Amino acid sequence: MQAWRVHENGEPNEVMRLDDVERPTPGDGQVLLRVRAANVNFPDALLCRGHYQVTPPLPFTPGVEICGETEDGRRVIANPVLPHGGFAEYAVADARALLPAPDALDDAEAAALHIGYQTGWFGLHRRARLEAGETLLVHAAAGGVGSAAVQLGKAAGARVIGVVGGAGKAAVARELGCDVVIDRREEDVVAAVKEATGGRGADVIYDPVGGAAYTQSTKVVAFEGRILVVGFAGGTVPTPALNHALVKNYSILGLHWGLYNTKNPKLVLRCHEELTELAARGAIRPLVSERVPLDGAAAAVQKVADGLTTGRIAVVTGGEAA
């Protein structure tokens, strides 16, 4: 079979190589899946660079989120077990962690439903306790993680403010349903949020960026608001001033979604059931901005690494690429 493999750490388009290899052999409790579509995530770029919290032995195949097919023909969503990731014709996954792919979504959309939407659901509902009528501010609102949070926020009855970088991404954020869109390249984010909220600020702030975005968040968070830290795509890990949180009465919440797979896997299944129901009634639908064939995976991962995408890029092996 064909599989992209990383033989040394570095930039994805420099270190990913399409090889002919034997199909992987599942271990105890694992299954072999035919990959129908693999979603490109920022962690795939970090894996290539050797900067992720998991460091699989070289060579390895990246691709942490797929829609696959079991031997008996079931369409499932899975997180492949590295080093046999999803940018290949076949991948390996834990049998107990397989989730049914929603009928309402095609392969590329189903592959993009898992990590970003589970992160959004756990972050907004389990950690931040978002309520209907509250104001939700989403940084990088047109990205893969941000677009999921926007849709989930709207489905929960929140007023959503999206922060993006550039006119093209602003248009995407509006299409996603943001009530207010702020282009950080053209506007002062802090002033714009205060204007949009009558000076009150945002009740919940969803931050997958870190760095300057986090600093902006501390200036626009409402009384008893919650800043939800879900990642550092901007490359800089902020150092919170806890005296500021004390003085302004706000909470700083962290979310590492992957921990729920070991700490509370039943809640992961419950989340998937709710996401499936939301997808069935059209309340959420992963924004797949591009579908590429298997031989385009390295370029796709590099594009995500460089922050040049909106929504998700899916690597498809079943004829959906366009």
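**Entry 1: two prolines**

I began with Pro-83, which lies in the loop between β5 (75–78) and β6 (90–94). I took helices (H or I, at least four residues) and strands (E, at least two) as DSSP runs, numbered from the N terminus. The model is predicted, so local features need pLDDT of at least 70 and side-chain atom pairs pLDDT 80 or more, while totals for chains, interfaces and linings use all residues. Residues are numbered from 1 along each chain as its sequence is written, and side-chain values use heavy atoms, with hydrogens and water left out.

I looked at the peptide bond from Leu-82 to Pro-83 and found it cis, with omega near 20°. Another cis bond joins Leu-58 and Pro-59, with omega about -10°. Pro-59 sits in the loop between α2 and β4 (66–69). I noted the background: most peptide bonds are trans, and most residues other than glycine have a negative phi.

**Entry 2: positive phi**

Next I looked up backbone phi values. Arg-129, a residue other than glycine, has a positive phi near 55°. I placed Arg-129 in the loop between α4 and β8 (135–139). Its relative accessibility is 51%, so Arg-129 counts as exposed. Here buried means under 20% relative accessible area, exposed over 50%, and partly exposed in between (1.4 Å probe, protein chains only).

Glu-224 also has a positive phi, near 60°, and is not a glycine. Glu-224 is in strand β12 (residues 221–229). With a relative accessible area of 52%, Glu-224 is exposed.

**Entry 3: Arg-226**

I stayed in strand β12 for Arg-226. Is Arg-226 buried or exposed? Its relative accessible area is 13%, so Arg-226 is buried.

I then traced the side chain of Arg-226. It reaches the backbone oxygen of Ala-128 at 2.9 Å. It also makes a polar contact with the side chain of Glu-134, at 2.9 Å. A polar contact is a pair of N or O atoms within 3.5 Å; within protein, one must be able to donate a hydrogen and the other to accept it, and residues adjacent in sequence count only if both atoms are side-chain atoms.

I listed what else Arg-226 meets, leaving aside neighbours within four places in sequence. Arg-226 is in contact (heavy atoms within 4.5 Å) with residues including Arg-129, Leu-130, Asp-203, Val-204, Ile-205, Ser-251 and Leu-253.

**Entry 4: Gln-151**

I moved to Gln-151 in helix α5 (residues 144–155). Gln-151 has 9% relative accessibility, so it counts as buried. A polar atom of its side chain lies 2.9 Å from the backbone oxygen of Arg-285. Not counting residues up to four places away in sequence, Gln-151 touches Tyr-117, Leu-176, Ala-283, Ile-284, Arg-285 and Pro-286.

**Entry 5: α4 on α11**

Helix α4 (residues 115–127) and helix α11 (residues 265–280) pack at about 100°, with axes 10 Å apart. I used lines fitted to C-alpha atoms, for helices over the stretch in contact, with angles from 0 to 180 degrees between N-to-C directions. The two helices are therefore roughly perpendicular, a label for angles of 65 to 115 degrees.

I counted Ala, Val, Leu, Ile, Met, Phe, Trp, Tyr, Cys and Pro as nonpolar, Asp, Glu, Lys and Arg as charged, and the others, Gly among them, as polar.

How many of the 9 residues of α12 are buried? I found 7, which leaves α12 mostly covered. Among the buried ones are Val-301, Gln-302 and Val-304. The buried residues of α12 pack against β1 (2–6), α1 (12–15), β2 (16–20), α2, β14 (288–293) and β15 (312–316).

I checked α2 (residues 42–49) against α12 (residues 297–305): the axes come within 8 Å and cross at roughly 100°. Phe-42, Asp-44, Ala-45 and Arg-49 in α2 meet Val-301, Val-304 and Ala-305 in α12. These residues divide into 5 nonpolar, no polar and 2 charged.

**Entry 6: whole chain**

The protein chain has 12 helices and 15 strands. Its C-alpha trace spans about 60 × 40 × 35 Å along the principal axes. Buried residues make up 53% of the 322 residues.

Key. Parallel < 35°, antiparallel > 145°, perpendicular 65-115°, else oblique.
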